[in-house]
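Subject: Structure handover

Hello,

Please find the structure below, for you to take over. My notes come after it.

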There are 6 protein chains.
Amino acid sequence: DFMAGLENDIKPAYGAKEEDIERFMRNGVLMWGRPVQTALDSGDLLVNQVRNSNKTPLVSVLITGAVGCGKTALATRIALDSGFPFLKICSPGELVGFSEAAKCQHLKKVFDDAYKSQLSCVVIDDIEKLIDYNPIGPRFSNTVTQALMVLFKNLPPPKRRLLVIGTSSNKDLLHEMGMEKCFSSHIHVPCLSKAQHITTTLELLDAFTPEERCSIERLISGRSAWVGIKSLIHMVGTAEQAESTMRVPTFLTLLEEEAQLQERS
Amino acid sequence: DFMAGLENDIKPAYGAKEEDIERFMRNGVLMWGRPVQTALDSGDLLVNQVRNSNKTPLVSVLITGAVGCGKTALATRIALDSGFPFLKICSPGELVGFSEAAKCQHLKKVFDDAYKSQLSCVVIDDIEKLIDYNPIGPRFSNTVTQALMVLFKNLPPPKRRLLVIGTSSNKDLLHEMGMEKCFSSHIHVPCLSKAQHITTTLELLDAFTPEERCSIERLISGRSAWVGIKSLIHMVGTAEQAESTMRVPTFLTLLEEEAQLQERS
Amino acid sequence: DFMAGLENDIKPAYGAKEEDIERFMRNGVLMWGRPVQTALDSGDLLVNQVRNSNKTPLVSVLITGAVGCGKTALATRIALDSGFPFLKICSPGELVGFSEAAKCQHLKKVFDDAYKSQLSCVVIDDIEKLIDYNPIGPRFSNTVTQALMVLFKNLPPPKRRLLVIGTSSNKDLLHEMGMEKCFSSHIHVPCLSKAQHITTTLELLDAFTPEERCSIERLISGRSAWVGIKSLIHMVGTAEQAESTMRVPTFLTLLEEEAQLQERS
Amino acid sequence: DFMAGLENDIKPAYGAKEEDIERFMRNGVLMWGRPVQTALDSGDLLVNQVRNSNKTPLVSVLITGAVGCGKTALATRIALDSGFPFLKICSPGELVGFSEAAKCQHLKKVFDDAYKSQLSCVVIDDIEKLIDYNPIGPRFSNTVTQALMVLFKNLPPPKRRLLVIGTSSNKDLLHEMGMEKCFSSHIHVPCLSKAQHITTTLELLDAFTPEERCSIERLISGRSAWVGIKSLIHMVGTAEQAESTMRVPTFLTLLEEEAQLQERS
Amino acid sequence: DFMAGLENDIKPAYGAKEEDIERFMRNGVLMWGRPVQTALDSGDLLVNQVRNSNKTPLVSVLITGAVGCGKTALATRIALDSGFPFLKICSPGELVGFSEAAKCQHLKKVFDDAYKSQLSCVVIDDIEKLIDYNPIGPRFSNTVTQALMVLFKNLPPPKRRLLVIGTSSNKDLLHEMGMEKCFSSHIHVPCLSKAQHITTTLELLDAFTPEERCSIERLISGRSAWVGIKSLIHMVGTAEQAESTMRVPTFLTLLEEEAQLQERS
Amino acid sequence: DFMAGLENDIKPAYGAKEEDIERFMRNGVLMWGRPVQTALDSGDLLVNQVRNSNKTPLVSVLITGAVGCGKTALATRIALDSGFPFLKICSPGELVGFSEAAKCQHLKKVFDDAYKSQLSCVVIDDIEKLIDYNPIGPRFSNTVTQALMVLFKNLPPPKRRLLVIGTSSNKDLLHEMGMEKCFSSHIHVPCLSKAQHITTTLELLDAFTPEERCSIERLISGRSAWVGIKSLIHMVGTAEQAESTMRVPTFLTLLEEEAQLQERS
Ligand SMILES: Nc1ncnc2c1ncn2[C@@H]1O[C@H](COP(=O)(O)OP(=O)(O)OP(=O)(O)O)[C@@H](O)[C@H]1O
Ligand SMILES: Nc1ncnc2c1ncn2[C@@H]1O[C@H](COP(=O)(O)OP(=O)(O)OP(=O)(O)O)[C@@H](O)[C@H]1O
Ligand SMILES: Nc1ncnc2c1ncn2[C@@H]1O[C@H](COP(=O)(O)OP(=O)(O)OP(=O)(O)O)[C@@H](O)[C@H]1O
Ligand SMILES: Nc1ncnc2c1ncn2[C@@H]1O[C@H](COP(=O)(O)OP(=O)(O)OP(=O)(O)O)[C@@H](O)[C@H]1O
Ligand SMILES: Nc1ncnc2c1ncn2[C@@H]1O[C@H](COP(=O)(O)OP(=O)(O)OP(=O)(O)O)[C@@H](O)[C@H]1O
Ligand SMILES: Nc1ncnc2c1ncn2[C@@H]1O[C@H](COP(=O)(O)OP(=O)(O)OP(=O)(O)O)[C@@H](O)[C@H]1O
Ligand SMILES: [Mg+2]
Ligand SMILES: [Mg+2]
Ligand SMILES: [Mg+2]
Ligand SMILES: [Mg+2]
Ligand SMILES: [Mg+2]
Ligand SMILES: [Mg+2]
């Protein structure tokens, strides 16, 4: 049972709200395949660099990947696992209706608070939303963008160490703006791409009946797909509402339409 | 009699105004053809997903279709039929003269109110108007756009479930802005396209005399057209003002001019 | 005598200022040809639709035509002839120096007032000026544009009926902005195009001496022109200032220069 | 003696400042050639139309011509000669540092004041400066532009008559903006183009000694030039500062450099 | 000794600060060649026109030239030499951090003060900086630009005379904006272009030892260069810091790198 | 031991914060090769020009180079070594969340403070960040840009001398804006490009074990790379976290990926 596991795991640091953590990892971090472990390992290495290296009191990492690939959940996981006494997750949802200036003040406050703890972790989730990016124009808040770029590089005061985790589904944008260069490291999160990733996920979620899972496995084995973990979980949720005989077909239709499930070649 | 039926149906939820509901469904939801049922069924499925699935406390659906195809009436219908205790319809008419900031505050308030009920439905009607979209430029309020995008994806607090229904007649715009990706589902509403759709509508509306309807049926049978239900009802309203001998010809002229009524081929 | 006739006609509705009406129809609505009657008839039909049809409590009509073709006078005429208890003519002259926000508030107020009467008519004159349209850029107030688009489509509250008349000399602009689609009907006002239109006008205006009118008739008969009624009246005003022998030649020169009077072919 | 003549002429109307009038016609209106008379005659005709025609209580005229051709002086002359009890000259110099909104309020006030007198004349000098036009961009105040366009066409209240005179050295700009169409008439002011225009001016100004004027006449006779009256007067002012033997050569050099004085062909 | 000479010269007019004058002419106006005298003579002629001509109470001159060619020092010199009782030098340094509106108010105040004296001189230094010109965009303050254009042409009140001196290193920009036409005269300041200009300067500055000057003269004689007086003085300042044997080579290297010193051809 | 050396060196001038200095030179200025000495020498020469030359009370130098090449540390070093009684380092980190106007006020204050000391040094770090430069658009604060350009050239009051040091990793941008011309001198900081630069750095940092350094030397000798000193130090910090057997391989991988380490040719 995931929720139980989660509750045991969480030792909420100063600055983080339990409620937020539950929201950001609603369905946990399922080990659907190798890439999940790779991402968690990279996070671990950087956590240690912050803790141990005298030369680099600031380490910043950018987590990128497609919409719904699990960036927010992974960043939350890494941040929690660091065990740093200060942890703050900053996401666009809490800043709706803030003016550009108010957003900057808020971000500045988050970092100022972090500088007060000897070991801190700040997660800046969904950077392109935080900067109000709209490809039409394009438009975005340059004020917030600049504040972020400066804060990402700003060295903490003497004796303070900081890990910054940023997430974005638009790496190209961050590159063009010169924001990518503000991070010292980078983690890429892939989508699920193999039938086995999907079947593992269904099992871990305990979704459908064992018989249904068997028939799904048979139908998709050997085919490739491209779907974020978040979308996959939504499809499961929808398919489960259909009448019992329609659950598997509905799930497959959704997989074909939205997850680019390919014909066996 | 539609108005009577409507009055029986409505069990106004907390947050919705009876008066608004009458305005948004002035002429009810007539079953002019198959597509109407399909749209209502899809809505039903999503209502159940919100109510039942633990994995997805938030379901958001975008209803698109041509100007006047009946989006607002259908969204209102689905929302009412959910029977969720909280229902709020947010439409541009009530926000005329609001500043961008005030609009954002209002939208934030709507969602905050929704988060307080265990089961809520929020309808955001006419998204392109809410964001002040003008193809010249193009111009639009990026502030409101960003607020909507964040609110559409924002997970409700623990133990709260929410159905968001958005409507727009400009799907391309929403795609370009990346707003389409903020919805987890999509319902497309077509125009009336066959002669039978039109004759069914006239009957359901009890428009013209039975003799007039017969002659219209004869004149358009086997021809195709392309007209939204809202425009069709307006044409009927205009044609009925002409002198008795001119009512049918006037209606046909309007159908030909504005509904792209085609020659029998 | 026009002014006398006007005074008898006017039964100023609540909301309309007598003074404005005189200004907007300074020279009345002269029946210079068939198109004038056609436009007035269309107006009449829509007035009846508002009054009688239960399905369409809101009818909105866009009157378009070249600069000076008589749009404002015709809209005023139709509005007055409706006899609706509430009549408000909203024109750019009264909004000079208003901020965008103040303009929106004013427009909102006009419609809110209209919604209080059971039968109302609102004239929005010179839409491109109201929205501060300038082809260089182009520039315009999107805020006012959006307010108008929403107000033009906003259904009145239960038991209220409303006729909206908009005028513009830039139909293409309104089409591009998607504002044209906000109107349910459309009336186009042509310029005077035949010699007979001009001579009829001169007679109705009682301009020049009968002898002068005869000689003008002789000189232009069989030729075509393209002139708005407003410009024609201005030319008459100018020509009448010349010395007696120069009045007819001056008038013809002006007609040739500004009204595109063509050679007899 | 010009200044004496001027003093006799001026019967300052309500609203006009004597001081301004002196500044705007520093060197009077010299009759350097036929075009000056033509412009003054056209002005006269329009003054009469305002005074006499019942059909057109508002006449507006646009005076255009190259920078320094004498637009401001001519507009002032026509306005003074009208003898209308209200006269107001509105020029950019008095609005330096005004915000866009303050400019609009000022312009509105000028017209509102004019509407209070039965016969009024308002001069709007240097329209492109009033609207802050800059060809780079281009940039300009659309707010002031729109206020002017509306005020130029706004009919005075019943029993009031108004002559509006606008000046601009950028007719193309006004055409592009649709402002040209807001005027009912147009006067074009040419530059001095013949040697005789120049020699007449020198005589009327009593500039140089008679001998110097003779030698200038000999040297330029039969040649063409293109110079505004304002620039010509400036050149005279400069040449008169040179040592006596250099006065004529200096003047000719300036004429050649800045007035495009051509070789005798 | 320059500083001594300067102190004798200055008879600070009302409005000018001694300190400013020292800063603007730190190294005086050295007569490094013919162009310096020509520029000062042109200034003199215009000073007299203001003082003497009744026809032109306002004379405005634009001084242009490359960055560092000595515009500011020359404008200050001409202004001081006029001996006009009112003298005000307006330069960007004193307006850092002013809003656009505050800049306009300041400029308006400068001219209003000037209008109070019978003979005034106003220097507007570095126009492109005053208007915040940035070639990227391009961006600039149109508000300040327009205020300057109007003030440059605004005739002083009766009995007042005014000399306006503007400086700019971007003549093309001023032409494009139509600001060049606002000036009645123009003075162009060239760079030093001949070896002799440079050696004269070194002597006048008493820079290097006589022996060093000799060797420099020998090394550059017959070669051409292109350097502003300000840059030349800076190079001297740098070269003088090198060890004694390196002073001449360092100076030559700088001349070659930055002053485009050419090979003897 | 670097930190000890640093502590001895620092004689914090008025205006500078010790804490800042430690942050800006966290890892000191290591003599990794010839270019470091060249840059420090150039700085020295300019410090002397300020101190000694009467002709040039203001010297301004622009330090440019790739992101992470050590600009900030070098500027801090030169500024500290000047020993000028007033020293102020102005960097974007302290201005996060400031409005454009507030930034200008702050910068103005910094220079005004500097003008109060007889010998001052002002460091303006990371100019492109200070002006909020974003290549998308491009966007930047023209207000801050203009303030900087004016302040960089503004002569200090009599008897005051000032050294301005600016840093930027975008020399092209500064050139395009005309800001480069506001500096009287220029220092370029290169990246480490030879294997020996890297091995010298590792030794100076006392990074890895002597054995590890040997094996690194062997593996990279004769190859070229391109890496800023800041990035190199970060790579060392990361590699040192790996398990002992993985430290050297990890370091080489990072060098290959991010420092463009080339194959021996
Ligand atoms: N291995 C996993 N990695 C990430 N998330 C997982 C994993 N397994 C399950 N999840 C669940 O999948 C969902 C991932 O959603 P999340 O919001 O993190 O995606 P995202 O990439 O941030 O989406 P968006 O691009 O919309 O911001 C969460 O509910 C999370 O609990
Ligand atoms: N099957 C139906 N579906 C939708 N609307 C219907 C249907 N039958 C009748 N109607 C009536 O048709 C009208 C549809 O108008 P509605 O405002 O919903 O269209 P819309 O697509 O939202 O228009 P717009 O694009 O202008 O916002 C309403 O009056 C509604 O009562
Ligand atoms: N048949 C007619 N139709 C319209 N106006 C007429 C007619 N006969 C006379 N007129 C007079 O002609 C003038 C028409 O001017 P009006 O302001 O209505 O034109 P407009 O098209 O609105 O001009 P603009 O494009 O400048 O707004 C009025 O003075 C009106 O009294
Ligand atoms: N015939 C004339 N017409 C106009 N101005 C004349 C004439 N004769 C002499 N003048 C004098 O010439 C000058 C004309 O300057 P004015 O300011 O009117 O030109 P302008 O065209 O308005 O210039 P600008 O384009 O700069 O606004 C005035 O001093 C006026 O007294
Ligand atoms: N003949 C001269 N003309 C001008 N300046 C001279 C001359 N001789 C010496 N100087 C000195 O040279 C310097 C010229 O600098 P100035 O600031 O006037 O140049 P500028 O062209 O205004 O520069 P910028 O384009 O940067 O504004 C001053 O210090 C001045 O005293
Ligand atoms: N020779 C050196 N030159 C410069 N910095 C050095 C040198 N040796 C060691 N360092 C250290 O390297 C780091 C250089 O970082 P610094 O912030 O100065 O780079 P930067 O070029 O300003 O980076 P950015 O482009 O991000 O502003 C500092 O920690 C500094 O102490
Ligand atoms: Mg996310
Ligand atoms: Mg709708
Ligand atoms: Mg009109
Ligand atoms: Mg003028
Ligand atoms: Mg200068
Ligand atoms: Mg730096």
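The notes cover two ligand sites and then two contacts between chains.

This is a predicted model, in which local features need pLDDT of at least 70 and side-chain atom pairs count only at pLDDT 80 or more, while totals for chains, interfaces and linings use all residues. Residues are numbered from 1 along each chain as its sequence is written, chains are lettered from A and ligands numbered from 1 in the order in which they are written, and side-chain values use heavy atoms, with hydrogens and water left out.

Ligand 3

Residues from chains C and D surround ligand 3, so the site is shared between chains. The surrounding residues number 20, and the closest of them are C:G28, C:L30, C:G70, C:T72 and D:K153. A residue counts as near a molecule or strand here if one of its heavy atoms lies within 4 Å of it.

Several backbone atoms of chain C are in polar contact with the ligand. (A polar contact is a pair of N or O atoms within 3.5 Å; within protein, one must be able to donate a hydrogen and the other to accept it, and residues adjacent in sequence count only if both atoms are side-chain atoms.) C:L30 places a backbone N or O atom 2.7 Å from a nitrogen atom of ligand 3. Oxygen atoms of the ligand are involved too: one is 3.1 Å from a polar backbone atom of C:C69, and a backbone N or O atom of C:A73 lies 2.8 Å from an oxygen atom of ligand 3.

On its own, ligand 3 exposes 630 Å², and the protein buries 93% of that. Accessible areas come from the Shrake-Rupley method with a 1.4 Å probe; for residues, only the protein chains shown count as cover. Two or more residues of the shell come from each of helix 4 (71–82) and helix 11 (229–239) of chain C. Helices (H or I, at least four residues) and strands (E, at least two) are DSSP runs, numbered from the N terminus. The shell around ligand 3 has 10 nonpolar, five polar and five charged residues. In these classes, Ala, Val, Leu, Ile, Met, Phe, Trp, Tyr, Cys and Pro are nonpolar, Asp, Glu, Lys and Arg are charged, and the others, Gly among them, are polar.

Ligand 4

Ligand 4 lies between chains D and E. There are 20 residues around ligand 4, and D:G28, D:L30, D:K71, D:T72 and E:K153 come nearest. By class, the shell around ligand 4 holds 10 nonpolar, five polar and five charged residues.

Chain E with chain D

Contact here means heavy atoms within 4.5 Å. The contact takes 37 residues from chain E and 29 from chain D. About 2800 Å² is buried between the two chains, and carbon and sulfur atoms give 57% of it. Buried area is the accessible area (1.4 Å probe) that two parts lose on being put together, summed over both.

What is the count of salt bridges between chain E and chain D? The count is one. E:K55 forms a salt bridge with D:E240, with the closest N and O atoms 3.1 Å apart. (A salt bridge is a side-chain nitrogen of Lys or Arg within 4 Å of a carboxyl oxygen of Asp or Glu.) There are also 15 residue pairs in polar contact across this interface, both residues being at pLDDT 80 or more.

On the side of chain E that touches chain D, the elements giving two or more residues are helix 3 (34–52), strand 1 (58–64), helix 5 (100–116), helix 7 (142–153) and helix 8 (171–176) of chain E. Helix 7 of chain E has the largest share, eight residues. That side of chain E divides into 18 nonpolar, 13 polar and six charged residues.

Chain F with chain E

This contact takes 36 residues from chain F and 28 from chain E. Between them the two chains bury about 2800 Å², 57% of it on carbon and sulfur atoms. One salt bridge is found across the interface of chain F and chain E. The side chains of E:E240 and F:K55 meet in a salt bridge at 3.0 Å, N to O.

Regards
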